[in-house]
Amino acid sequence: MDYEGALDTAIRRLHEEGRYRTFIDIERARGAFPKAIWRRPDGTEREITVWCGNDYLGMGQHPAVLSAMHEALDATGAGSGGTRNISGTTVYHKRLEAELADLHQKEAALVFTSAYIANDATLSTLPKLFPGLIIYSDELNHASMIEGIRRNGGAKRIFRHNDLAHLRSLLEADDPAAPKLIAFESIYSMDGDFGPIEAICDIADEFGALTYIDEVHAVGMYGPRGAGVAERDGLMHRIDIINGTLAKAYGVMGGYIAASAKMCDAVRSYAPGFIFTTSLPPAVAAGAAASVRHLKTDQGLRDKQQENARILKMRLKGLGLPITDHGSHIVPVHVGDPKHCKALSDMLLEDYGIYVQPINFPTVPRGTERLRFTPSPVHDSGEIDRLVRAMDALWSRCALNRAELSA
């Protein structure tokens, strides 16, 4: 086989479809977020404003987080030195898990190197714990959930997005005695819509199913202590397994599940993705714990972020742009074409110093390509104004170009 030729063909296809992914080389500066330095391929530099980061609240720059990380780094050094089973469990990991269990009002929590691994490892392990398990998965669940369910060797059913009638029909068609689990998200990150948590819990109770919720885009952001949408809605006690991340609103790195002590113990004991992976560096665990602890009381950051999201959506809607607004903090502007989406992203960066990454297939379905803005509490009114003015100018220009191409 011509291996080089096969690689060339695969990469060329991405270029032809307009969805080849370009990494933008940026350097975040402590205390300057959302500003960063963009290092161009030619070696020149430019200050830009990051509008697509998942550090939703700027906690990656927070003094409490940095202080905790410095303290742990000075005390322990860089790495953990092993897996959690072999020398990689430290007081910092235990403190972090205690903070997370308290956050979600669960008996225990289990920390992984990422939320992707937490989803994949847990969902692929559950059929080992519950033989014959059937997993009912929302069709728009994250790739990590899909992969874990696909690999677990058990039965799966895919229900249409947020379609409770379809979910019910799938449950009714299966053996009432079979163990069941419903897997869904609280906030779906590409459109920013919410999962119907209470209704799914009601259905789960009716059919004797476990509930598994991904709160990755909600932890730190919603609820009186930042535990997510389930906390905001008073439903945490009805969720059996909560998945969350430490790499978005908490600004650090890592993922976790929170559940009963027995559930966490079983996953810890059976999941290869946990057993055979080196644990987080102690400094990272310390920073994450400090961030979780801080956001249990800092409602001001959440309020300011939501306010900025509302303002940005209102102003973009005022321009007539195709905004999807489900009331969450995510601001998607639908473009619908991968090449136009990339062109808009490039022009925003080059002409206006605004960085927003194009979101193309396979992250979203073909024909739904978009720019996904994530305003933070530290994007000020001037930066919002510059973004709106840039989008106004570029959207008109791109619309004219599209008209000329189709003429």
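Reply: Arginine 157 has a relative accessibility of 26% and so counts as partly exposed in this predicted model. Its side chain meets that of aspartate 174 in a salt bridge, with 2.9 Å from N to O. Arginine 157 belongs to strand S6 (residues 155–159), while aspartate 174 lies in the loop between helix H6 (164–173) and strand S7 (180–185), so the bridge ties together parts that are 17 residues apart in sequence. Aspartate 174 has a relative accessible area of 12%, and because the limit for a buried residue is under 20%, aspartate 174 is buried.

Another of them joins glutamate 99 to arginine 293, with the closest N and O atoms 2.7 Å apart. Here the pair links distant parts of the chain: glutamate 99 is in helix H3 (residues 91–104) and arginine 293 is in helix H11, 194 residues apart. Glutamate 99 is buried, at a relative accessible area of 15%, whereas arginine 293 is partly exposed, at 42%. A further bridge is formed by aspartate 325 and lysine 317, whose closest N and O atoms are 2.8 Å apart. Aspartate 325 is partly exposed, with a relative accessible area of 33%, and lysine 317 also counts as partly exposed, at 42% relative accessibility. Shared partners join some of the salt bridges into one network, made up of Glu99, Asp102, Arg225, Arg293 and Lys296.

Charged groups also meet aromatic rings. The charged end of arginine 95 sits over the ring of tyrosine 92, at 5.5 Å from the ring centre. In the case of arginine 366, the charged end sits over the ring of phenylalanine 361, 4.0 Å from its centre.

In one, phenylalanine 112 and phenylalanine 274 have ring centres 5.4 Å apart and planes at 70°, so the pair is edge-to-face. This pair connects distant parts of the chain, with phenylalanine 112 in strand S4 and phenylalanine 274 in helix H10 (residues 272–275), 162 residues apart. Both phenylalanine 112 and phenylalanine 274 are buried. The rings of phenylalanine 194 and tyrosine 222 have centres 6.0 Å apart and planes at 90°, so they too form an edge-to-face pair. Phenylalanine 194 is in strand S9 (residues 193–194) and tyrosine 222 is in the loop between S10 and helix H8 (229–232), 28 residues apart. Phenylalanine 194 and tyrosine 222 are both buried.

The largest nonpolar core holds 60 residues, of which Leu100, Ile182 and Ile197 touch the most other members. Helix H11 (residues 282–295) supplies the largest share of this core, eight residues. Apart from this core lies another, of 30 residues, which include Cys52, Ile323, Val333 and Leu371. Beyond its neighbours within four places in sequence, isoleucine 182 is in contact with residues including Tyr136, Phe159, Leu167 and Tyr212.

Helix H9 (residues 261–270) has Met263, Cys264 and Val267 among its buried residues. These cover an arc of only 95° around the axis, which puts them on the same side of H9. The cover over the buried residues of H9 includes strand S4 (108–112), helix H4 (115–129) and strand S10 (209–214).

Key. Residues numbered from 1 in each chain as written. Predicted model: local features only at pLDDT ≥ 70, side-chain atom pairs only at ≥ 80, totals over all residues. Heavy atoms only, no water. Core = buried A, V, L, I, M, F, W, Y, C linked by side-chain atoms within 4.5 Å. Buried < 20%, exposed > 50% of the residue type's maximum accessible area, 1.4 Å probe, protein only. Helix = DSSP H or I, 4+ residues; strand = E, 2+ residues; numbered from the N terminus. Contact = heavy atoms within 4.5 Å. Arc of directions from axis to C-beta. Phe/Tyr/Trp six-rings, centres within 6.5 Å; stacked < 30°, edge-to-face > 60°. Lys NZ or Arg CZ within 6 Å of the ring centre and 35° of its normal. Salt bridge = Lys/Arg side-chain N within 4 Å of Asp/Glu carboxyl O.
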